[in-house]
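Here are my notes on the model, point by point. Have it open while you read.

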Amino acid sequence: MTKLNKKIIYVLVALFAALLFVFTALVGGDAAMVYASTSSTTVAGYEKNNVLDDLQNSTIGGNAFNIEDYPHNENGIPQVLSFVEFCYSQYTNKQDDFGLYIYVYNPQDIAFDTNTERNKIQFCCGNKSSDKYVLDFLNYSSATGYEGRFYKFKIRLSQTQRADILKTLNANSRVYEITEIELVVKSNVTAYKVGAKYTYTGYVKGYGSELSETNTLSCTVDGFDKCLDLQVHHTFYRPQGDYYNGEQSQLNSCYFRIPNKYFEDYGELTKIICEWYEYFTKPILVTEDSYTFNKINALHGADTSTLSDDMYFLFNVFWENGKSNWFKKWGTSDWTSNYGYQIGDSYHWGFLWLNGAEIIYDKFSSFAAAFYTGGKECENYDIDGTALKDKLLNNSKHLGGELLNDRYSKYLFEDYVQNGYDYGYNRKEINSSDMQDVFWRVTTKDFWQTAFSGNFNVETIYDSKKAIETISDSDLTGSNNEIAGSLYINEKDVQSLKDEHAKAKANDETVVILRFSSTQYMCAPCVSSYCRRSDIDGGKTLVKTNVTNWGKGDINGYVSQETVYLDFDIISLWFTADGVETEIPVVHTPTDVISGLTPPLEENYHNKKTKSIFAIIFAVVAVIVLIALIYLVCKNLFPSKTVIQVVEKKKRE
């Protein structure tokens, strides 16, 4: 026999052995034999084999697989047919082939996104807690009439994850509790509850004892009901304070209902594990000017230098508080333009250069999104979070390039997040003893600061709220504004929270609020102007217009930046009773948490009365000084009668 023929026979035997193993492993029952002296051939052959070929002649749920039992169903939901443990061994030197796979029935015949890391499975095994793992697509059924009816995935395991799983498994009885799978269709992910426990015993021949001459592997499948479906609602809170450098505290929270039986059976809710992808947007423009909006919106987030209009634009965003003295008002700003301004350029006009401005601070290159107020004053114009999400997604489709979480153009976000936070993937364990901070600032000016300089005093006030808190009737008494201020949630979400609380009471449940992150929302007033390229006058025209309007308080827009949480997901809830912790895995579809935009704070929100008092005092003093000056002048110009009489008397003498 030639070497080539021997190699072909060898590969065929290995593939046949792997298939025998798969047929039995799909549902358990009698053990199947796997013959594989070359592990790479065994794994590669199994993964390459089509899902429908694997399923033929197998047993599902104790019944022989019959494709007629899996018809097209427009309203059906994806189901896991089997969770496969491949070639487990208790011996370290035989663990190279170990892997985990799933088979999925797709009744709607929809096309799952396969080139993504957002397809996932959640399970726990041994003494490990529940966790999520990426599903790598292998293949789907291609038979006529059954295209995409069945999918085959490999569970991606890093070397560390693989080692942890192998270390924690009980060799005699390997238990895998599957909570959910998450599958993506057209970039939208949906979680599907599985609730199944797979118990594997025995070994494939060659992976157990060297003395074993038979295949002893078997699998049983049972229901797994210790998992909880959650309907999660998100909210945010920005405390009212004085405007200071555009910085505003933002508390990010969510709330959901939990059946009371979990508290009764397992004790107090003491820990929540969740995950998300964290990013910080580039500047977002809200403008009162329709022409400016149309031009910036048409860029879809691209660089402002690409504006092809015959007009020059300049945007100045005044992050720092305005400062003034007797001669002029000025402030540092972020800026962008399609004219060639340079950092440090100076522009002056007026007598003795007493009026002017300098392009200083940071230049930014683009707006992640633009919104039009419809001509309304921007100081009172909010942008809904859903509208912002839709705009970011739409701009991402136009920009293309590298995508974050398969959907959002990376160019719409900064390449950093705020200090103390992690860019990209975050997995957080939040305890009931944790606190989340919020702050607000109060700015004050004494008489001399008010009269002669732009300086002010700043007091930062901090408050903290428990990270995990249950909601009671007393928490929802008072006006919506009072409730929002007490619970630190958005006033617009108070009614939704009340509705959830009412449902909870009717269904013997409790509403829990989770405060998972505290960040800074950046928002500052913006002045913008434009002129024809032929009228630019060396750049002075736009600078003068913007500085003049800023000095007069003619603000025609604002610019915001905020942290977003993509694919926010709750993995598990942990309850504690008498020192014993119980994990309850969660079924939850990941959500993009993108908060709405609100206008900048007022510069002296907390000090209007104080400011008024200073103004009155200043006015009174000014009047007194003016009267005194008038008196002195008049006294010198028009001496009193008594003085004149004395002079005349001396003349007569």
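1. Trp335 and Tyr341 are both buried (under 20% relative accessible area with a 1.4 Å probe, protein chains only; over 50% is exposed, and partly exposed is in between). This is a predicted model, where local features need pLDDT of at least 70 and side-chain atom pairs count only at pLDDT 80 or more, while totals for chains, interfaces and linings use all residues. Residues are numbered from 1 along each chain as its sequence is written, and side-chain values use heavy atoms, with hydrogens and water left out.

2. On to ring pairs. Rings of Phe, Tyr and Trp (its six-membered ring) pair if their centres lie within 6.5 Å; planes under 30 degrees apart are stacked, over 60 edge-to-face, and the rest tilted. That rule gives 50 aromatic pairs. One of them is Phe86 with Tyr101, edge-to-face at 5.8 Å centre to centre and 75 degrees between the planes. This pair links distant parts of the chain, with Phe86 in strand E3 (residues 79-86) and Tyr101 in strand E4 (residues 99-105), 15 residues apart. Phe86 counts as buried because its relative accessibility is 0%, and Tyr101 does too because its value is 1%.

3. Back to Trp335 and Tyr341: their rings are also edge-to-face, 6.2 Å centre to centre with 85 degrees between the planes. For a cluster, look at Phe83, Phe123, Tyr133, Tyr176, Tyr198 and Tyr200, which form one aromatic cluster.

4. Charges over rings next (NZ of Lys or CZ of Arg within 6 Å of the ring centre and within 35 degrees of the ring normal). Arg238 lies over the face of Tyr521, 3.5 Å from the ring centre. Lys261 has its charged end over the ring of Tyr262, at 4.0 Å from the centre.

5. How do helices H9 and H10 pack? H9 (residues 480-487) and H10 (residues 494-506) meet at about 80 degrees, their axes 10 Å apart (axes are lines fitted to C-alpha atoms over the stretch in contact, and angles run from 0 to 180 degrees between N-to-C directions). The two are therefore roughly perpendicular, a label covering 65 to 115 degrees. Asn480, Ile483, Ala484 and Leu487 of H9 make the contact with Val494, Leu497 and Lys498 of H10 (contact is heavy atoms within 4.5 Å).

6. Last, Asn395, found in helix H7 (residues 385-399); helices are DSSP runs (H or I) of at least four residues, strands (E) of at least two, numbered from the N terminus. Asn395 is buried, with a relative accessible area of 2%. Leaving aside neighbours within four places in sequence, Asn395 is in contact with His300, Gly301, Ala368, Ala369 and Leu412.

Methods: Parallel < 35°, antiparallel > 145°, perpendicular 65-115°, else oblique.
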